[in-house]
Amino acid sequence: MKKKIYIIVGTLTFVLFGIVLFPGLSFSSSEDDEYAAIMEELEEEDKGSETYSVSDPLYYWNKAMFHVNDKLYFWAMKPVASGYKTITPTIVRSGIKNFFYNLGTPVRFVSCLLQGKSEAAGTELGRFMINTTFGVLGFGDLSYLDPKLTPPPDEDFGQTLGIWGIGNGIYLVWPVLGPSTLRDSIGAFSDSFLSPVTYTEPLSVSAGITAFDQINSLSFRLGDYETLKGAALEPYEAFRNAYIQYRVQKIKD
């Protein structure tokens with residue numbers, strides 16, 4: 001049960017605070033589906049599950065940034081996302097969500113290849129071609145019409161490094177971006193070079209597009225973060241452990 005809570009909190013933290021430090025880096029819009037899949041897996045592994053830890057030598061810095069990000073969520077992100085949700089129909093927000101997920105295909109495609117997952121890479125490419133053409137630049141997801149194009153688990157370069165045997169390194173909490181590790185920070189930086197948004201100029205426009213993607217994504221999850229934070233006795237430690245557990249599960253996919 002404890003591990004289950006860690007995974008829930010970690011998943012949402014990873015998604016909720018994924019924003020602007022690396023313009024062009026946009027976390028996947030399929031996190032909802034992956035979250036559900038992880039939860040199902042945890043239901044089966046609840047007994048005898050392993051516990052993972054991470055070195056946290058920057059504890060005081062990380063904890064301070066955790067509180068900064070927490071205030072950022074309540075003072076800025078949540079009000080903006082709430083207002084956006086009020087004035088934007090669900091069908092429009094879903095289309096935008098599909099568009100940004102489609103735009104993230106290069107990151108997932110290359111990561112699949114680097115991990116030797118050729119079948120998943122082929123699925124990513126097929127989905128991209130169908131949704132970009134018949135789905136009008138990815139706003140519509142028509143790939144569901146072909147059962148062979150069911151979305152594979154999301155991949156990124158941080159997971160690739162983990163599969164290659166590189167450990168987490170130290171735990172890090174970035175201002176705005178949120179929880180990470182040294183390995184995942186390197187991975188996120190590398191992924192940003194594969195995102196078309198990175199090459200949008202000027203930089204302020206690129207950052208604005210990324211922020212808009214995250215606000216749109218957040219509009220589907222309003223209320224979850226504060227509920228889970230309230231359930232944690234020690235929020236910082238709970239979110240840290242949850243993030244590590246979450247990434248371990250992602251690498252195992």
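Me: Is Gly104 buried or exposed, and at what relative accessibility?
Reply: This is a predicted model, in which local features need pLDDT of at least 70 and side-chain atom pairs count only at pLDDT 80 or more, while totals for chains, interfaces and linings use all residues. Residues are numbered from 1 along each chain as its sequence is written, and side-chain values use heavy atoms, with hydrogens and water left out. Buried means under 20% relative accessible area, exposed over 50% and partly exposed in between, with a 1.4 Å probe and protein chains only. Gly104, in the loop between helix 4 and helix 5, therefore counts as buried, at 18%.

Me: How many helices and strands does the protein chain have?
Reply: Helices (H or I, at least four residues) and strands (E, at least two) are DSSP runs, numbered from the N terminus. Along the sequence the pattern reads α-α-α-α-α-α-α-β-β-α-α-α-α. The count is 11 helices and 2 strands.

Me: Which residues have the most contacts inside the largest nonpolar core?
Reply: A nonpolar core is a set of buried Ala, Val, Leu, Ile, Met, Phe, Trp, Tyr and Cys residues joined through side-chain atoms within 4.5 Å. The largest one has 21 residues, and those with the most contacts inside it are Tyr171 and Ile244. Helix 3 (59-87), helix 4 (90-103), strand 1 (171-174), helix 9 (203-218) and helix 11 (235-252) each supply at least two residues of this core. With contact taken as heavy atoms within 4.5 Å, and neighbours within four places in sequence left aside, the residues that Tyr171 touches include Val54, Tyr236, Phe239 and Ile244.

Me: Which residue forms a salt bridge with Asp70?
Reply: A salt bridge is a side-chain nitrogen of Lys or Arg within 4 Å of a carboxyl oxygen of Asp or Glu. For Asp70 the closest N and O atoms of the pair are 3.0 Å apart. The pair links helix 3 to helix 10 (residues 224-231), 159 residues apart.

Me: What is the N to O distance in the salt bridge of Lys117 and Glu155?
Reply: Lys117 lies in the loop between helix 5 and helix 6 and Glu155 in the loop between helix 6 and helix 7, so the pair ties together parts 38 residues apart in sequence. Lys117 is partly exposed at 22% relative accessibility, whereas Glu155 is buried at 4%. For the salt bridge of Lys117 and Glu155, the distance is 2.8 Å.

Me: Which residues are linked with Asp156 in a network of salt bridges?
Reply: Arg247 forms a salt bridge with Asp156, with the closest N and O atoms 3.0 Å apart. Arg247 is in helix 11 and Asp156 in the loop between helix 6 and helix 7, 91 residues apart, and both are buried. The residues linked with Asp156 in the network are Arg183, Asp184 and Arg247.
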